Amino acid sequence: MAVTKVDYRELESKANGQKIIQEGAIYDSISLEHFQPTKVLPLLHHVNEFISIKEDEISAASGAYEDLADILVKKLNWPRENIKIHPQGSASSSTLIRSPNSNERFDIDAICEVDHLDAYKNGPIAFFENIGYALEGEDFEIEMKKRCWRIQWRGKGYYIDLTPAVKSNNISLNETNVKYFIQNTEYSEDAVWVVNEPTREWFSSNPRGFNKWISDRNLDSKFLIISPAMEMLDEAYRAEAEPVPDQAISLQDNLLLAIRLFKRHRDIKVKRNLLSAEFKPISVIITTLLGQCVNAMRENGRSYSSIVELLEVLSVTLPKLVYFDGKNPIIPNPTAEDENFADRWLEDDNQRMENFFTWTESLRNDLKKLAVARDDSSRLDIIKDIFGCSGLPTSPEPKGGNPLATAIPGTPSRSVPDKGLA
Amino acid sequence: MTESFQTQAEMAEWCLSSPWLAWDSRKVDSTRGYLSIPIRHPKLSQPRDILGQPQLVVPSGDDHVRPYVKLAHTAILKVPHLDEEGKLCLFADEEELDYFSRTEQLSKVVDRFIDVFIPNWESGNLDEHFYDEPENYWRIYTNRHPTKKSEKPQNLTAYLLSRRENKFVQYDSYRLEDLGVVCSRESNFKTRFLESIKSTRHKCNVLEVPIFCSFQPSHYPSTLEKLKAICRAAIGIKETQKFFNGKNFSVARLIVLRAPNCDYGYYLPAEGKLKVMRPIICEKTDPDWLFGRYEDLNIVNYTNSKIALIGAGSLGSHILHILTHSGVGEIHLIDSDIFKPANIGRHTLGIKSLGKSKASQLSSIKGADTPNCKLVPEHCSAQKWLKQTDISKFNLIIDATGERTVRELIATKRSTQHVTLVTAWMEPFITAAHVVIFYDQTKWNINGLNLWNEAHAFEGWPKDYLLSEPGCSSRFAPYTLDQLSLAAGITAEECLSALSNKPTDQVKIKSWVRGHAYTSIQKYIAERRNWAILPNNIDGAIITRQF
């Protein structure tokens, strides 16, 4: 079913107008005077650093791609040059963040593109299952998900969700078992077919196109903060705010920073049980709405004095960008607009939709607290609290283990147990 | 402990040598059995400066009581590793301090506080530690709330009889005045649990809400609105409204937020007193936790099992004791005997049961203690019960009578009605105890081999190895409770294994055989069979044979 085209410029304009009417007086009073980028931007980048997964951890996961491709070549006799495994989703768009739950593995989404007729000539399920069979009996555990195989190694801090895919021009649209969404021409060359196991269908998808779209929108976001504010960053603060070398995003990557911080905020709300772990807003929705928002803001000629102001306006505007066709919420995939990312919002007693609006409201309230804070100490406390980074700023690296749990130095070692024996 | 302070002056001298201790004799209070010495520590910035004036607490006069650091009460539930008295837990294993002298202990406590605790607290690295022991902090929180002791609700613990589920559950239950709220959707266990505790009941509506993660104390929902917000996130607006906005306020309500490693109870009294929402302690009481501590994966097999135990005498009663405390779901007890004074020394029943049916008394007394197990008394002979019962409806039959006629009747019955059988008995003086496990095999004779005879470790007992009761024709075997418990232990172990093992056509005989040192001092000495011969230095062995 074709999804109604959403005019984000108009939705953003409406949201902007409502914001000015509702909050104008307060908003004016807290503008530039208190949005001190020189104070807050370094802190936000500390948060960003805190929630980052180190590049070497991601590299280790990427190294596993080659091994996986070799397994497929060996077990399925597909030509090596026709198999390409590369990261997709947050792993490839610099929006991958660390889970706030210690000991929880992070997932690297990867796509396994196969360009070989023998692989997919027997239909989607044979293609999908063959890859699963080939991955069996190796030194990792595999688990079938809806569109991917989850691969987990014992003792490693990550797992890979490997999505089997076929180049889009290799499957005919006339086949009965296809679910096709018309691709946005700008990104259509990257479209692929993946397998939707529950419906046993080929499903059109475009993870690489989606990344390009995020990259384009990130470019939009760089123009949203007016330069005088940036210039207020004196040399000392600039130095402090420089991203660490292995950090993938820079000071001007406003969209990427917003995506990462908002995802972190969502994860912290889940950890505090204020959002449902099952029905929390999914990352692709947060990313899409933020991308659409910065695009509409740029097209509507908006500008903001600081990253804090931009984040706060984004949090206010975000819920208003959900378009309703009657009662049906619509969030089109920007690379294939017929695909509605909110297509499950009316299932399960609307809990996905409720959680989305609960989250945006809490995000707005939290960022407002930050915007109206009057001193550095309060700002620091608020940032630590809302992004769950209590270790800031003196200890950006979360430390594992319990420093109080080590043995007392000088304690004699015991070779046999002497506690809990009766 | 090799070194200690004899006087306060020695203590003062030692403290003055430490850069971290501020000895002030005017402030030292030794009247309550300990000395408190202020600890100097690096100044902490806001919001970390909540430790108050840390004290090194040194118990005086008793070197076996360990020293510790105490923080201000205002730090409780804000600083992890702090108990309800403000005592800071600095070591994973405090007993290790016992290896050291008093001065070494003091140095190690102060060093750990200054070098490890302070920098980690200041940097925020300890904050996540609240998630390691959420139940400890919740217990402290509920004990401190409300602040007035007179307002503290009596017996308001929630006993959770079911495991955490992934979906919310709502049901009617009761608060027992002498215990707390009994929480379970499952009716049988709850019914027996409620029957076990004789106490005034008050209706209570319970909502169990699965939550994703345990809380840090600063995020406990402290108001009804915050509690509702968590419920809304977990179960949706509609269900939350249904529970909280219902019109039946005449019934008390309990909300249990169930994280994977901690349960948080909030009790809302009846009659619209919603403002006095009370956080309460929750105790896991589900069979998996009670009997398997989540480690024994076979517990599911036990809880779903139905067993018939024929013979509720000395051996049977002890087997029953172990099986009910192991989580078995249902046991039928078959015995026609009446409990007599002479039984007291070897039975699990006591004086209150004199003159009453063993089967009935065991059912009511054990059933009340372990309501997880449905106990069904059958005060009749084994013969009568076997005649009227379809034994294939049981997962296991246990013959603990030691009687030939019962053994033969069961064998006949099993030829047409399939059920696993465990037969257990003891040889005179408990020189040996045997457990025979039949799965598919029904006969005691296999290939001309009589398993009953083959099982025994000794032969040639004199005819009078049984004693007679004075003035009575009734006879009994002389043995003591300590020996009996070994026989009951291996029997129960095999019964539980039989509930989980795959059936086989082999018959297994497991025997506990005592060594020469034990058998040689009994009143009679029988001839030991070859398979049961043990080396002289072995006083007993468990031997398993398959037939």
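This is a predicted model: local features need pLDDT of at least 70, side-chain atom pairs count only at pLDDT 80 or more; totals for chains, interfaces and linings use all residues.
Let me start in chain B, with one bridge: Gly265(B) has Ile280(B) as its bridge partner in E11(B).

Strand E10 of chain B, residues 262-268, runs antiparallel to E11(B), and three bridges join the two.

Now the sheet around that pair. It is an open sheet of eight strands in chain B, with mixed pairing. Reading across, the order is E11-E10-E9-E8-E6-E7-E5-E12. Which strands stand at the edges? They are E11(B), residues 278-280, and E12(B), residues 282-284. Each has a single partner strand, so one side of each has no neighbour in the sheet. From one strand to the next, the twist averages 30°.

Two helices of chain B pack on this sheet, and I will take them in turn. Helix H3(B), residues 134-143, touches E9 (252-259), E10 and E11 of chain B. The direction of H3(B) makes about 20° with that of E10(B). Helix H5(B), residues 224-235, touches E8 (201-210), E9 and E10 of chain B. The direction of H5(B) makes about 60° with that of E8(B).

Next, chain A and its domains. Chain A is divided into domain 1, made of 8-54 and 211-386, and domain 2, which is 55-207. Where the two domains of chain A meet, domain 1 puts in 28 residues and domain 2 puts in 24 residues. On the domain 1 side, at least two residues each come from helix H6 (207-222), helix H9 (254-271), helix H10 (283-299) and strand E12 (336-340) of chain A. Which of these elements gives the most? It is H9(A), with eight residues. By type, this side of domain 1 of chain A has eleven nonpolar, six polar and eleven charged residues.

Last, the contact between the chains. Chain A contributes 31 residues and chain B contributes 31 residues. On the chain A side, H9, helix H12 (351-372) and helix H13 (376-386) each supply at least two residues. The largest share of the chain A side facing chain B comes from H12(A), with four residues. The make-up of that side of chain A is eleven nonpolar, 14 polar and six charged residues.

That is what I have; I will take questions.

Terms used. Residues are numbered from 1 along each chain as its sequence is written. Chains are lettered from A and ligands numbered from 1 in the order in which they are written. Domain bounds come from an automatic or database domain assignment. Two residues are in contact if their C-beta atoms, placed from the backbone, lie within 7 Å. Ala, Val, Leu, Ile, Met, Phe, Trp, Tyr, Cys and Pro count as nonpolar, Asp, Glu, Lys and Arg as charged, and the others, Gly among them, as polar. Two strands pair if DSSP finds at least two bridges between them. Axes are lines fitted to C-alpha atoms, for helices over the stretch in contact, and angles run from 0 to 180 degrees between N-to-C directions.
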